[in-house]
Amino acid sequence: RQTVTNKASVVGANNVANISIVALPDGSIRGAVSYDVSAALSAKAGDDNSLSLVVDPALVDAYNTKNGTTYTAVAAADVTLSGELKTTKGSKSTSAVTVSMANPAKLTSIFSMIAVRLDATGKGDYEVDATKNAKYILITKVVPNIEAGATSIDGTPISDMTGWVYNVEGQESGQVGGFSSDAMFNGNNGEMGWYSSVEGLRLVTVNMAKVQHIIGLRLGMILGNANYATLKLYNIQTSVDGKTWTSQADTESVAIGAPAGGWQYVKFIKPVDCRYVRMQYNNAAGSSSNGWIGCCEFNAIAPKN
């Protein structure tokens with residue numbers, strides 16, 4: 001029998017895990033909600049025993065309050081645990097328990113959470129580390145909302161862009177040249193804009209000053225020249241607060257349509273309410289043209305009605 005208390009803690013950075021699933025138009029779900037949780041022990045186990053894992057929706061409220069988020073708690077009845085966390089004499093870790101949902105279609109929110117915690121009640125000399133006792137499994141339900149390859153949008157560009165801010169990472173490292181936030185909203189789609197011939201991803205984030213109701217984006221190319229057209233954009237996301245982001249595509253990359261009238265378009269299937277838009281450009285074969293990425297103008301398009 002152990003003579004000292006053996007503390008158990010959940011394994012994993014920040015005790016947070018992320019899962020994405022895709023809600024398809026026919027109501028079915030692509031992807032699974034499944035995650036393995038295990039615990040580490042502060043000392044070698046003195047016996048073969050087990051610790052319990054408990055689904056605790058109350059932890060979701062505490063997480064939301066602390067982090068300013070709005071995750072919806074998954075009911076304990078909708079969560080399946082594969083068993084208990086087994087300890088083996090002489091080991092400093094437990095076996096894993098699979099936390100899963102048999103029917104992810106029950107998720108009604110875009111952002112949901114399964115919160116589980118360790119329980120060592122009645123388990124001899126084992127005790128739970130109160131600072132590392134929970135695992136927060138964050139579930140994002142992606143609803144595809146981009147028409148790949150669109151060459152036009154039936155809408156009206158928002159003309160009042162007062163206070164809008166365009167940011168592209170890399171301008172301070174020399175990976176991006178020609179950048180000016182104000183110039184991205186001046187109506188001229190024949191300018192140089194920002195540009196880069198360095199390989200790799202660049203993250204663009206646009207703050208539209210307030211929540212806008214939009215049906216898509218209109219993007220100007222370097223010099224308005226189709227030789228510098230963007231072929232794919234990556235991780236297109238929107239947000240109302242800059243904290244919680246919604247993916248607008250069900251795939252990492254989205255094919256961008258051929259230039260039309262000096263513009264390229266990102267067309268949403270359904271209008272989106274957002275203040276922030278972010279996306280990645282990738283200077284790589286199949287994503288960029290002639291070894292260059294960039295943009296000279298950004299417009300957000302409002303629906304006509």
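This is a predicted model: local features need pLDDT of at least 70, side-chain atom pairs count only at pLDDT 80 or more; totals for chains, interfaces and linings use all residues.

Trainee: Is lysine 123 buried or exposed, and what is its relative accessible area?
Mentor: With a 1.4 Å probe and protein chains only, buried means under 20% relative accessible area, exposed over 50%, and partly exposed in between. Lysine 123 is therefore classed as buried, because its relative accessible area is 15%.

Trainee: With which side chain does the side chain of lysine 123 make a polar contact?
Mentor: Leaving out residues up to four places away in sequence, lysine 123 is in contact (heavy atoms within 4.5 Å) with Asn49, Ser50, Leu51, Ser52 and Glu84. A polar contact is a pair of N or O atoms within 3.5 Å; within protein, one must be able to donate a hydrogen and the other to accept it, and residues adjacent in sequence count only if both atoms are side-chain atoms. At 3.4 Å, the side-chain partner of lysine 123 is serine 50.

Trainee: How is serine 28 placed, and what separates its C-alpha atom from that of alanine 105?
Mentor: Serine 28 is in the loop between β2 (16-23) and β3 (29-30), and it is partly exposed at a relative accessible area of 30%. Its side chain makes a polar contact with the side chain of aspartate 26 at 2.6 Å. Alanine 105 is 77 residues away from serine 28 along the chain, yet their C-alpha atoms are separated by 6.9 Å.

Trainee: Which side chain makes a polar contact with that of threonine 69?
Mentor: Threonine 69 is found in the loop between α1 and β7 (72-73), and it is buried, with a relative accessible area of 17%. Apart from neighbours within four places in sequence, threonine 69 touches Tyr63, Asn64 and Thr244. The polar contact, at 2.7 Å, is with the side chain of asparagine 64.

**Pockets and cavity**

Trainee: What is the volume of the largest pocket?
Mentor: On a 1 Å grid over the protein atoms alone, a cavity is a set of points where a 1.4 Å probe fits but cannot get out, while a pocket is an open set with protein on both sides within 12 Å along at least five of seven lines; lining residues have an atom within 4 Å of a point. Grid points are joined across faces, edges and corners, and a volume is the space filled by probe spheres set on the points. For the largest pocket, this volume is about 470 Å³.

Trainee: Which element gives the most to the lining of the largest pocket?
Mentor: The lining has 24 residues, with Ile110, Phe111, Thr238, Thr246 and Gln248 nearest the centre. Two or more lining residues come from each of β13 (134-142), β19 (232-239), β20 (246-247) and β22 (263-283). The greatest contribution, five residues, is from β22.

Trainee: Which element gives the most to the lining of the second largest pocket?
Mentor: The second largest pocket has a volume of about 210 Å³. It is lined by 13 residues, and Asn14, Tyr63, Lys66, Asn67 and Tyr136 are the closest to its centre. Both α1 (58-67) and β13 give two or more of the lining residues. With four residues, the leading contributor is α1.

Trainee: How much space lies in the largest cavity?
Mentor: A search of the whole structure finds one cavity of 30 Å³ or more. Residues lining the largest cavity include Leu219, Met221, Tyr281 and Cys295. The space in this cavity is about 40 Å³.

Note on methods:
Residues are numbered from 1 along each chain as its sequence is written. Side-chain values use heavy atoms; hydrogens and water are left out.
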